[in-house]
Amino acid sequence: MSDNESSTAPSRRTFLKQASMAGAGAALLPQAAQGGAPSFDAAANGGPLVVASDNGEPAAERALEVMANDGEALEAVIEGVNIVERDPDDITVGYGGIPNAEGTVQLEAGVVEGKTHRAGAVAVLEDIPVPSRVARTVMERTDHVRLVGEGAKEFAKMHGFETTDLLTERARKIWVKWKESLSDEDDYLPPDSLKDEALGAKMREVQRHYGTIHCSALAPNGNIGSVTTTSGLFYKIPGRVADTSVVGAGLYADNDVGAAGSTGRGEANLKNLSSYLIVERMREGDTPEKACLDACRRIAENTKVPRLLNDQDEPNFGVRFYALRKDGKFGGAQMRGTGQMIVGDADGVRLVDIPGLFDENE
């Protein structure tokens, strides 16, 4: 630390503490007194609450365990998604994720702490299997919100994070088959015999996914934490940054209101700051489900590019939202048809149906 840093740091900490105290009277939900402390006690209502994307069952289970042992909401959801980030059999997140167009796995994650409104994020991160933990370290150990690319990797190594080749043999084979099938005019050739039905089915499956996990939690003390983590759009252009690491787009949390996160077409969330919109709609009194449907509607209204529209002039892509409110209400929505989200509370961890803005058959 330089002499300049040494002399300015205490005053900066004092300023942040004073600012935090000044903001303690932020607006609450309509049924709560303005300026009062958050009134929800999760323990009195059956314990902590977790919501997650439909691939987040192990994350929700772990998050509930952490909070049952007095762990904080943000640590709970990070420990939860770490399970998926380290799972080589999950081809949408972390280690084993499908690579970009050049065969390199580039990860992305964001975290938000509702109590302090702090956030951290990383993008275009290579060789580090737990981007959510690096994102938290960015939040806690820097004056920045997001680090990307080589800088994010060097920061992670500086703080002792393990490095490993994130491209598993399974993901490599899927990428190679995609590469060989791109064009009849390039020089890449598939093998003489293509009888690997399992691999072909897996290719079709991943082509229907974007590859993300979201998890938010409300702890018994009323604190809220949120995380979204991904290996990104399959075969993306190298360097592409999604909504996952953008606070307000891929996730948002505020102790005074609740939290929201998303999976699906990241570009749509980036253009509409969907997660922030959902939390603000809940601040005005909307239920989580209604707020999520409003976010879908906003995206639909703002989608004008013909290639992104179907025959009914509706978005032809998928996007899905998950939200919880500080009073223990939860809900979600997606662009089309009925979907599902993970909910964990006193009734256990389970799949819950969520509505679509448009009918599946339209």
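Biologist: If contact means heavy atoms within 4.5 Å, which strands does helix H9 lie across?

Modeller: This is a predicted model, in which local features need pLDDT of at least 70 and side-chain atom pairs count only at pLDDT 80 or more, while totals for chains, interfaces and linings use all residues. Residues are numbered from 1 along each chain as its sequence is written, and side-chain values use heavy atoms, leaving out hydrogens and water. Helix H9 (residues 274-283) lies across E7, E8 and strand E9 (319-325), and runs at about 145° to E8; helices (H or I, at least four residues) and strands (E, at least two) are DSSP runs, and angles run from 0 to 180 degrees between N-to-C directions of axes fitted to C-alpha atoms.

Biologist: And what does H10 touch on that sheet?

Modeller: Helix H10 (residues 288-302) touches E9, strand E10 (330-336) and E13, and its direction makes about 25° with that of E10.

Biologist: What's the strand order there?

Modeller: The 5 strands form an open sheet ordered E7-E8-E9-E10-E13 with mixed pairing, two strands being paired if DSSP finds at least two bridges between them. Strand E7 (251-254) and strand E13 (356-358) are the edge strands, each pairing on one side only, and neighbouring strands are turned by 15° against each other on average, ignoring direction.

Biologist: How many bridges hold E7 to E8?

Modeller: There are 4 bridges between E7 and strand E8 (residues 258-264), which run antiparallel, and Ala253 stands opposite Ala259 in E8.

Biologist: Switching to the other sheet, how many strands does it have?

Modeller: That open sheet has 8 strands in the order E4-E3-E2-E6-E5-E1-E11-E12, again with mixed pairing. E4 and strand E12 (348-354) stand at the edges with a single partner strand each, so one side of each lacks a neighbour in the sheet.

Biologist: Do E5 and E6 run parallel or antiparallel?

Modeller: Strand E5 (residues 212-218) and E6 run antiparallel and are joined by 7 bridges, with Ser216 standing opposite Ser226 in E6. H4 packs on this sheet by touching E2, E3, E4 and E6, and its direction makes about 130° with that of E3.

Biologist: How many residues of H4 are buried?

Modeller: In helix H4 (residues 131-141), 8 of the 11 residues are buried, where buried means under 20% relative accessible area, exposed over 50% and partly exposed in between, with a 1.4 Å probe. Among the buried ones are Val134, Arg136 and Met139, and what covers the buried residues includes H3, strand E2 (107-113), helix H5 (149-158) and strand E6 (224-230).

Biologist: Is Asn269 buried or exposed?

Modeller: Asn269, which sits in helix H8 (residues 266-272), is buried, with a relative accessible area of 0%. Its side chain makes a polar contact with the side chain of Asp243 at 2.9 Å; such a contact is a pair of N or O atoms within 3.5 Å, one able to donate a hydrogen and the other to accept it. Beyond its neighbours within four places in sequence, Asn269 is in contact with residues including Ser262, Ile299 and Phe321.

Biologist: Last one: why does Trp178 count as buried?

Modeller: Trp178, in helix H6 (residues 169-180), counts as buried because its relative accessibility is 17%. Trp178 and Tyr235 are 57 residues apart in sequence, with 8.5 Å between their C-alpha atoms.

Conventions. Contact = heavy atoms within 4.5 Å.
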